[in-house]
Amino acid sequence: MSFFAASRAVNLVEARRAFLGKSGLVLSGTAIALLAGRDVLAAKAGSPVESDVRILNTALAAEQEAVAAYQVGAESGLLQKPVLDLAVSFQGHHKEHADVLARTVQKLGGTPVAARAKYVFPVEKLKTQADVLRFAASLEKGAVSAYLGAVPVFDNRDLAKAAASILGDEAMHWAILRNAVGEIPVPGAFVS
Amino acid sequence: MQPWFPALLLLSSAAALAAGDPQRGAALYERCGGCHSLAQDRAGPRHCGLIGRRAGAVKDFPYSDAMKRAPISWDAATLDRFLADPQRVVPGTAMAYSVDDPRERADVIAYLAQANRSPECK
């Protein structure tokens with residue numbers, strides 16, 4: 001990663017920290033959108049609520065895996081300090097996503113999927129900081145696509161809106177990670 | 001006509017596989033990387049061995065009930081239909097992501113078929 005890219009990454013982290021007070025409000029708003037509106041609704045077999053719960057649980061499983069993946073990256077010893085801060089910041093977002101998804105599943109009468117005891121990542125291929133960042137970028141890209149698929153499928157439009165909000169956050173992760181390894185941060189006008 | 005039906009199905013599957021470009025499919029497959037990989041079960045099941053496998057058949061993977069019950073064996077034709085609209089083909093599946101473009105579906109399917117013969121899947 002170039003110094004320029006690293007410096008930009010640090011500046012982005014600092015800017016994000018400075019913005020935390022406001023963004024905390026935004027995230028809380030998303031959480032409220034997810035959690036409000038419907039008290040416990042029985043996720044009856046074949047019901048739209050059951051379908052929403054199933055998709056939320058798929059997203060939750062992916063978020064839990066992302067948290068674990070960033071942990072592997074953080075503990076790899078390959079990430080230099082400014083980039084490590086960025087990775088930990090992104091991991092924190094995934095934790096927030098997982099937390100609100102789990103609580104929403106419960107709110108809708110479902111059972112949140114549990115995190116796996118063990119995840120298998122291609123650690124043998126992660127030999128440099130850039131390898132770790134590219135791996136993280138690949139997960140973020142996949143997550144963006146997964147949420148893109150989920151948005152139109154949710155029966156509850158509040159859930160679709162919240163999924164779009166998470167999609168936006170993870171697309172930003174993807175772009176910053178691409179930029180950090182010297183790739184065009186936003187490769188196109190649309191994501192798919 | 002009846003005796004020819006299975007043979008025609010096989011031909012149409014082979015044609016669909018032949019039409020796809022596995023290299024383009026490899027790039028498109030990155031979209032699946034939020035939930036799937038070739039050799040590991042993740043939020044979705046592993047894809048090694050997918051072609052020819054019955055739906056819901058990866059041991060110990062927590063499939064939805066709908067996928068466990070789906071009377072599907074995965075080949076080019078069934079994958080093409082499923083990827084086009086998973087929620088319609090298997091109502092109750094946990095998979096929401098769809099691939100609208102038929103050519104992209106063919107490319108992804110060609111990649112999956114090729115990947116199944118790769119060292120990662122051996």
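In this predicted model, 16 residues of chain B are in contact with 19 residues of chain A (contact here means C-beta atoms, placed from the backbone, within 7 Å). As the model is a prediction, local features need pLDDT of at least 70 and side-chain atom pairs 80 or more, while totals for chains, interfaces and linings use all residues. Residues are numbered from 1 along each chain as its sequence is written, and chains are lettered from A in the order in which they are written.

B:C35 sits in the loop between helix 2 and helix 3 (65–69) of chain B (helices are DSSP runs of H or I, at least four residues, numbered from the N terminus). With 24 C-beta neighbours inside 10 Å, B:C35 is buried (the cut-off is 20 or more other C-beta atoms within 10 Å). Beyond four places in sequence, its contacts include A:T58, A:A62, A:G142 and A:A146 from chain A, plus B:R42, B:A43 and B:G44.

Over in chain A, 18 of the 22 residues of helix 5 are buried, so this helix is largely enclosed by the rest of the structure. The largest nonpolar core has 72 residues, of which A:A59, A:L60, A:A136 and A:Y147 touch the most other members (a core is a set of buried Ala, Val, Leu, Ile, Met, Phe, Trp, Tyr and Cys residues joined through C-beta atoms within 7 Å). Helix 5 of chain A gives the most to this core, 12 residues.

Methods:
A residue is buried if 20 or more other C-beta atoms lie within 10 Å of its own, exposed if 12 or fewer, and partly exposed in between; C-beta atoms are placed from the backbone. Helices (H or I, at least four residues) and strands (E, at least two) are DSSP runs, numbered from the N terminus. Two residues are in contact if their C-beta atoms, placed from the backbone, lie within 7 Å.
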